[in-house]
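Dear colleague,

I am passing on the structure we discussed, and below it you will find my notes. Please look through both when you have a moment.

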Amino acid sequence: MNKTIVIADDNAALCTGMRDFIDAQDGFEVVGVAQNGNDALKLIDLYKPDFVLLDIVMPELDGFGVLNAMENKSSIVIMMSQLASDGFVQKAMQYGASYFLAKPFDYNTLLKVINDFSTPRPAPHTQVNVRKNKTLDERIANLFISVGIPAHIKGYQFLREAIKMTIETPEIINSITKQLYPGIAARYQTSASKVERAIRHAIEVAWNRGKIENINNVFGIKIYAPNEKPTNGEFIALVADKLLLECA
């Protein structure tokens with residue numbers, strides 16, 4: 001069965017482009033397109049889609065208003081906007097968005113994000129495990145917001161994937177260049193060296209923003225000084241350990 005998608009954006013050309021691109025992919029179907037928030041709510045209520053691609057700035061009701069008014073909380077909401085500051089990203093996550101995609105973006109990037117969230121619908125006996133995975137994504141996103149890693153940079157996706165892989169297979173952190181980076185690269189159709197550089201950039205962004213106090217608060221102890229930066233492996237392991245301990 002195809003995954004159903006509702007698109008809500010006041011840019012008619014972008015809506016048409018996304019619809020044509022998505023409908024050409026196997027396994028996905030755009031069931032409705034809205035160019036204002038009120039129409040978006042009607043389509044979401046009518047179709048109860050698997051995904052909602054939601055702009056922030058729209059006539060009648062903005063994206064945050066749509067998120068707040070949505071009765072169907074099972075839809076995965078991907079926010080799309082040029083307003084990609086930390087404040088907007090954090091607000092989107094607080095209102096229930098699963099991902100924030102900064103404009104402009106190419107359609108292949110959008111497809112990768114949708115595929116990331118396109119897990120099979122669970123059978124009853126797997127419901128608990130699937131819910132844990134969803135909660136893990138949310139907790140990683142909240143942690144990234146706290147330490148100052150913005151969602152629109154490439155390293156955000158790679159770092160999130162690295163942490164999830166390390167939680168699932170802790171020993172992989174000992175083979176970061178031979179298994180972890182290549183594994184992420186294969187999934188995103190890029191090179192291991194680009195994965196490494198993008199993750200490094202994401203960590204440096206957090207440190208350069210001067211949120212060291214927030215970083216130390218997240219981990220509960222003073223780990224780093226402003227002039228100290230962890231290696232990629234150290235940061236991935238630290239976050240993975242924290243999340244594993246919280247689940248224990």
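Predicted model: local features only at pLDDT ≥ 70, side-chain atom pairs only at ≥ 80, totals over all residues.

Residues are numbered from 1 along each chain as its sequence is written, and side-chain values use heavy atoms, with hydrogens and water left out.

Glu60 sits in the loop that runs between strand 3 (51-55) and helix 3 (63-69), where helices (H or I, at least four residues) and strands (E, at least two) are DSSP runs numbered from the N terminus. Setting aside neighbours within four places in sequence, Glu60 is in contact with Asn36 and Asn38, contact meaning heavy atoms within 4.5 Å. Although Glu60 and Asn38 are 22 residues apart in sequence, their C-alpha atoms are 6.5 Å apart in space.

Turning to the helices, helix 1 (residues 12-23) packs against helix 5 (residues 107-117) at an angle of about 60 degrees, and their axes are 11 Å apart; the axes are lines fitted to C-alpha atoms over the stretch in contact, and angles run from 0 to 180 degrees between N-to-C directions. Helix 1 contributes Leu14, Gly17, Met18, Phe21 and Ile22 to the contact, and helix 5 contributes Tyr107, Asn108, Leu110, Leu111 and Ile114.
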